[in-house]
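Please open the model in a viewer and keep the selection panel at hand.

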Amino acid sequence: PRLRQLAFENARVWTRESRERPLEPPAAGRLGEVRAPVLLLLGGRDVPDIRRIVDLLAAGIPHAERADAPDAGHVLNLERPEWFQREVLELLARCDARR
């Protein structure tokens, strides 16, 4: 029920005219400039477009970390909350240890 509510509330985002402005130069060509820690989380049952985006980000962002949840879809924090929390907290701990 909660996921259905979130999807309904977000539906208006997909039905209005986009206000997106293209960046110059395009952000995809500047991924190598990212210096912040990046954790890419992907569900094994996520849609092909999201899988391609994660692959692109993982290949382009230096030191990006990736974690896959094979038995989950797109909403990892709701589908696998314990796994999600563990992955995020472990990344934060590694960041803290590097300081």
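Select D55 to begin: this residue is partly exposed, with a relative accessible area of 40% (buried means under 20%, exposed over 50%, and partly exposed in between, using a 1.4 Å probe and protein chains only). The model is predicted, so local features need pLDDT of at least 70 and side-chain atom pairs count only at pLDDT 80 or more, while totals for chains, interfaces and linings use all residues. Residues are numbered from 1 along each chain as its sequence is written, and side-chain values use heavy atoms, with hydrogens and water left out.

Helices (H or I, at least four residues) and strands (E, at least two) are DSSP runs, numbered from the N terminus. R66 counts as partly exposed, at 34% relative accessibility.

Now select D68. A salt bridge joins its side chain to that of R66 at 3.0 Å, N to O. Through shared partners, salt bridges connect D55, R66 and D68 in one network. D68 is partly exposed, at 36% relative accessibility.

Finally, select E65 and R98. These two form a salt bridge with the closest N and O atoms 3.3 Å apart. The pair links distant parts of the chain, 33 residues apart, with E65 in strand β2 and R98 in helix α4 (residues 81–98). R98 is exposed, with a relative accessible area of 56%.

How many salt bridges does the structure hold? The count is 8.

Technical notes: A salt bridge is a side-chain nitrogen of Lys or Arg within 4 Å of a carboxyl oxygen of Asp or Glu.
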